[in-house]
Amino acid sequence: MSERTPGFYLSILVGGLIFGFGLGYSHMARPEVVLDFLQLEDLGLLFVMGGAAVVSGVVFALATNFLEDAPLTGEQYVRRVKSFDRNVVVGGVVFGAGWGLSGICPGAAYASVGIGNWPILWAVAGMFIGAYAQGRLRSRLTDANAGPTTAD
Amino acid sequence: MIGAEFFPNGIARYLIGGLLIGSGAAFIYLATGIIAGASTFLESTLSYVSRVPQFNKFPFVSTRDWRVVFTVGIVLGGAVYAVFWQGGAWTTDVQWWRLFLGGILVGVGTRLGKGCTSGHGVCGVGSLSGTSIVNVATFMAVAIGTAQLVQALGVSP
């Protein structure tokens with residue numbers, strides 16, 4: 001891994017800013033709009049996710065085929081491909097239940113803080129608690145699998 | 001007009017917003033080769049304050065600094081939108097317990113499922129990853145079912 005320069009962090013900040021502005025502009029940072037979509041009353045969110053995926057898809061395809069390494073890190077351009085296992089489905093079910101109950105997902109929640117939506121801090125707190133709980137559980141399961149000496 | 005029934009607010013703001021979201025991810029990707037998802041921030045940030053081994057794995061500790069910067073950028077982007085387009089702050093009417101319980105499930109689910117609406121939904125689907133497509137199809141179906149159920153139970157907003 002190469003040295004991380006101020007330019008690296010500036011690029012991440014600017015990219016995040018565009019990303020967050022898009023979440024505000026699309027109204028996806030408003031739980032009500034997401035819930036309207038999930039209740040099939042306003043299908044506009046299809047264009048949010050579709051539009052975003054098309055841009056990233058085109059850029060990924062062009063970069064992986066035609067560009068050399070990334071200028072600020074020297075990293076190779078790759079696609080986002082994660083291995084499949086049962087957790088992908090179980091996680092999808094749990095995430096879906098939470099998204100359907102609250103209308104909030106991680107990126108949209110951060111942008112929602114930015115638009116002054118202070119009640120969203122309930123959701124942000126919940127997300128950290130949920131992530132912490134699954135991390136604790138996973139660490140314990142890993143310990144238990146490591147051998148009888150570490151099982152509690 | 002056929003579209004009006006399903007798109008009461010038109011499509012322009014959704015499409016433009018979506019293109020901007022994709023552009024933000026694409027900008028980071030082109031500059032750094034990093035595929036940015038929003039949910040790993042939860043685990044990587046916990047590594048600052050927790051000794052639980054799960055959070056202190058290399059992929060989290062080695063990326064936690066830029067993930068904080070990315071999230072600060074997202075918050076600032078939302079703030080720029082609020083100040084210059086929305087004309088001030090906006091707050092939700094969705095009840096606090098829905099946000100809190102939903103947040104807990106989202107926190108568990110994204111970490112178990114290896115990504116969220118940005119990681120799987122935008123970058124994974126953009127990569128034509130079968131894993132991401134299965135995850136998105138699963139959470140979409142469950143989310144629609146959940147939202148319908150909550151509505152049917154008379155919970156509003």
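**Figure 1. Helix α5 of chain A in a predicted model.** Helix α5 of chain A, spanning residues 106-114, is mostly covered, with eight of its nine residues buried. The structure shown here and in the following views is a predicted model. The buried residues of α5(A) are P106(A), G107(A), A108(A), A109(A), Y110(A), A111(A), S112(A) and G114(A). Just after α5(A) comes G116(A), whose phi is positive, at about 85°.

**Figure 2. The largest nonpolar core.** This core comprises 69 residues. Those with the most contacts inside the core are L23(A), M28(A), L45(A) and W99(A) from chain A, together with F70(B) from chain B. Helix α3 of chain A, residues 45-66, gives the most to the core, contributing eight residues.

**Figure 3. The largest pocket and its lining.** The largest pocket has a volume of about 940 Å³. Its lining consists of 40 residues. Nearest the centre of the pocket lie K82(A), T40(B), P59(B), T63(B) and R67(B). Several helices each supply at least two lining residues: α6 (121-146) from chain A, and α3 (40-46), α4 (58-61), α5 (64-86) and α6 (96-112) from chain B. The largest share of the lining comes from α6(A), with four residues. By class, the lining holds twelve nonpolar, 16 polar and twelve charged residues.

Figure 4. C116(B) counts as buried, because its relative accessibility is 1%. C123(B) likewise counts as buried, at 2% relative accessibility.

**Figure 5. The aromatic pair F8(A) and Y9(A).** The count of aromatic pairs over all chains comes to 17. In one of them, the rings of F8(A) and Y9(A) have centres 5.1 Å apart and planes at 85°, so the pair is edge-to-face. Are the two partners buried or partly exposed? F8(A) counts as buried, at 0% relative accessibility, whereas Y9(A) is partly exposed, with a relative accessible area of 25%.

**Figure 6. An aromatic cluster with members from chains A and B.** Four residues form one aromatic cluster. Chain A provides F21(A) and Y25(A), and chain B provides Y81(B) and W85(B).

**Figure 7. The helices of chain B.** Which kinds of element, helices or strands, are found in chain B? Chain B contains eight helices and zero strands. Taken along the principal axes, the C-alpha atoms of chain B fill a box of roughly 50 × 35 × 35 Å. The chain has 157 residues, of which 54% count as buried.

Technical notes. Residues numbered from 1 in each chain as written. Chains lettered and ligands numbered in written order. Predicted model: local features only at pLDDT ≥ 70, side-chain atom pairs only at ≥ 80, totals over all residues. Heavy atoms only, no water. Core = buried A, V, L, I, M, F, W, Y, C linked by side-chain atoms within 4.5 Å. Buried < 20%, exposed > 50% of the residue type's maximum accessible area, 1.4 Å probe, protein only. 1 Å grid on protein atoms, 1.4 Å probe; cavity = no way out; pocket = protein on both sides within 12 Å on 5 of 7 lines; lining within 4 Å. Points joined across faces, edges and corners; volume = space filled by probe spheres on them. Nonpolar A, V, L, I, M, F, W, Y, C, P; charged D, E, K, R; others polar. Phe/Tyr/Trp six-rings, centres within 6.5 Å; stacked < 30°, edge-to-face > 60°.
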